[in-house]
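This report describes a protein model in terms of its domains, sheets, helices and core. Please read it alongside the sequence and the structure shown here.

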Amino acid sequence: MSTAPERKEFESSKKLRSVMGQYFAQLGQAAQQGQKVAWCTSVGPAELLRALGFLVYFPENHGAMLGATRMATELIPLANARGFSPDICSYLTSDIGSFIKGETPLKKLGLSGPPRPDVLVFNTNQCRDVQDWFQFYSRYFEVPCLGVFTPRAIGSLSESIIDDVARQLEELVEPLEKIAAMRLDPGRLSEVIELSRQCTVLWKAVLETAAQRPSPITFFDGTTQMGPAVVLRGEQAAVEYYQVLLDELRQRIADGVAAVAGERFRLYWEGMPIWGKLRPLAEQFIELKTCVVASTYCNSWVFEALDPADPFRSMARAYTSIFICRSDPEKEDYIAHMAQQFSIDGIIFHDAKTCPNNSNNRYGMPQRLRDRLGKPYLIINGDLNDLRLYSEEQTRTNIQAFVEQLAES
Ligand code: SF4
């Protein structure tokens, strides 16, 4: 009798739920506690906002929750009816659909909905969609929307780009001080940046445990475990959580515990997660004894350049070094390095229909990397949130055939 494959739960997951629960509880009480709330893009200036006393809320995290709970697909058409195209970011459309309908997974966490913003702050380092997304709410709540405009397709990171982004970050201080009704304390900013740096060091170490064979963690675990790195960077709670998780992973390595029992093959995931299908995908890879050991996505919250001694320039460097705003040659060098570090056998490219910014298969990169690394690739057509754009049956078949191909080579 065959049994369903099981994902190995982490002992730390209880603490993860508690840390994330406290974060959302604080947001839920912001209005009663008279605390100001800033909405921020995932690689926006969260450290600066925290140093100014804002509670920081991340709509992209809410978008991922809408995807993971499979609420997104029904909500997206509501945003489409307001003029937001079905072809644009499905985080945006599902989040705005959620707002229109008043339905949100946050209710399960005791919140009536996202906390009312006092200000919205975006960084276009990832895409232009975030600007349009935040401006929608800025108009509705009649609160300011501030932005940092970062170039895209950056090759080598020049000092002039860093100067420009650092200057834009410094220019945010004055309007944010007015909204926060307090002056920025440079010492506090350095403290927050140091905590964010520590979070990055630990999160990177967590991800790097997957270089072990067998790996103690998969990409699918990482998409859950990354929560504090996304929403709590700059807070002590994130640092403490990743220390606990890292200890557990090191113990798994010492005990020879594999995330995928009998690991035969190791893959790299390039592109967005398919939030509504994480579990079936994770289970299929376990069945195939194949571990997705590394990804661009989970590593996107590693900000090694952060330096408390040089706050603005180091934030500029950290936010501008991220994979998504780099040129194809830079991206290919990065993936080549990861492929070597994690001993990968092949690469999966997720072509997310509504996020061209995080879909790197469209201009020949898979073929170039195959020729350079001698590793095969598979392209999966799907989406981060809109499951109407994803064929589960076809994807399962393609993944199975890909792994069979690995076995034959
Ligand atoms: S990078 Fe992609 S998924 Fe993220 S906000 Fe922009 S369009 Fe949406």
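## Before the first helix

Serine 12 is found in the segment that precedes H1. Helices (H or I, at least four residues) and strands (E, at least two) are DSSP runs, numbered from the N terminus. The model is a predicted one: local features need pLDDT of at least 70, side-chain atom pairs count only at pLDDT 80 or more, and totals for chains, interfaces and linings use all residues. Residue numbers start from 1 along each chain as its sequence is written.

Serine 12 counts as partly exposed because 19 other C-beta atoms lie within 10 Å. A residue is buried if 20 or more other C-beta atoms lie within 10 Å of its own, exposed if 12 or fewer, and partly exposed in between, with C-beta atoms placed from the backbone. Leaving out residues up to four places away in sequence, serine 12 touches Val244, Leu245 and Glu248. Contact here is between two residues whose C-beta atoms, placed from the backbone, lie within 7 Å. Serine 12 and glutamine 225 are 213 residues apart in sequence, yet their C-alpha atoms are 9.5 Å apart in space.

## Two domains

The protein is divided into domain 1 (13-186) and domain 2 (189-408); such bounds come from an automatic or database domain assignment. Taken over C-alpha atoms, the centres of domain 1 and domain 2 are separated by 22 Å. The contact takes 49 residues from domain 1 and 43 residues from domain 2. On the side of domain 1 that touches domain 2, at least two residues each are supplied by helix H1 (13-28), helix H3 (46-51), H4, H5, H6 and helix H8 (159-180).

## Helix H6

Helix H6 (residues 90-101) has twelve residues and reaches 16 Å from its first C-alpha to its last, close to the expected 16 Å. The expected span of a helix is 1.5 Å times one less than its number of residues. Ten of the twelve residues of H6 are buried, among them Tyr91, Leu92, Ile96 and Phe99. The cover over the buried residues of H6 includes helix H4 (59-68), helix H5 (72-81) and helix H7 (129-141). After H6 comes glycine 102, which has a positive phi near 70 degrees.

## Two open sheets

Strands of a sheet pair through backbone hydrogen bonds, either parallel or antiparallel. Two strands count as paired if DSSP finds at least two bridges between them.

Axes are lines fitted to C-alpha atoms, for helices over the stretch in contact, and angles run from 0 to 180 degrees between N-to-C directions.

Another open sheet, also of four strands, has the order S6-S5-S7-S8 and parallel pairing. Strand S6 (290-295) and strand S8 (377-382) are the edge strands, each pairing on one side only. From one strand to the next, the twist averages 30 degrees. Helix H18 (residues 392-408) packs on this sheet and touches S5, S6, S7 and S8; the direction of H18 makes about 175 degrees with that of S8.

| Strand pair | Sense | Bridges | Bridge partners |
|---|---|---|---|
| S3 and S4 | parallel | four bridges | leucine 120 and cysteine 145 |
| S5 and S6 | parallel | five bridges | tryptophan 269 and serine 295 |
| S5 and S7 | parallel | four bridges | leucine 267 and glycine 346 |

## The nonpolar core

A nonpolar core is a set of buried Ala, Val, Leu, Ile, Met, Phe, Trp, Tyr and Cys residues joined through C-beta atoms within 7 Å. The largest such core has 120 residues, and those with the most contacts inside it are Ala38, Leu49, Leu169, Tyr242 and Tyr268. Helix H9 (residues 186-208) gives the most to this core, with nine residues. Domain 1 and domain 2 each provide at least three residues of the core.

Which residues does tyrosine 268 contact, leaving aside its neighbours within four places in sequence? They are Ala294, Ser295, Ile335, Met338, Ala339, Phe342, Ile344 and Ile347.

Glutamate 208 lies in helix H9. Glutamate 208 counts as partly exposed because it has 17 C-beta neighbours inside 10 Å. The C-alpha atoms of glutamate 208 and methionine 338 are separated by 10.0 Å, although the two residues are 130 residues apart along the chain.
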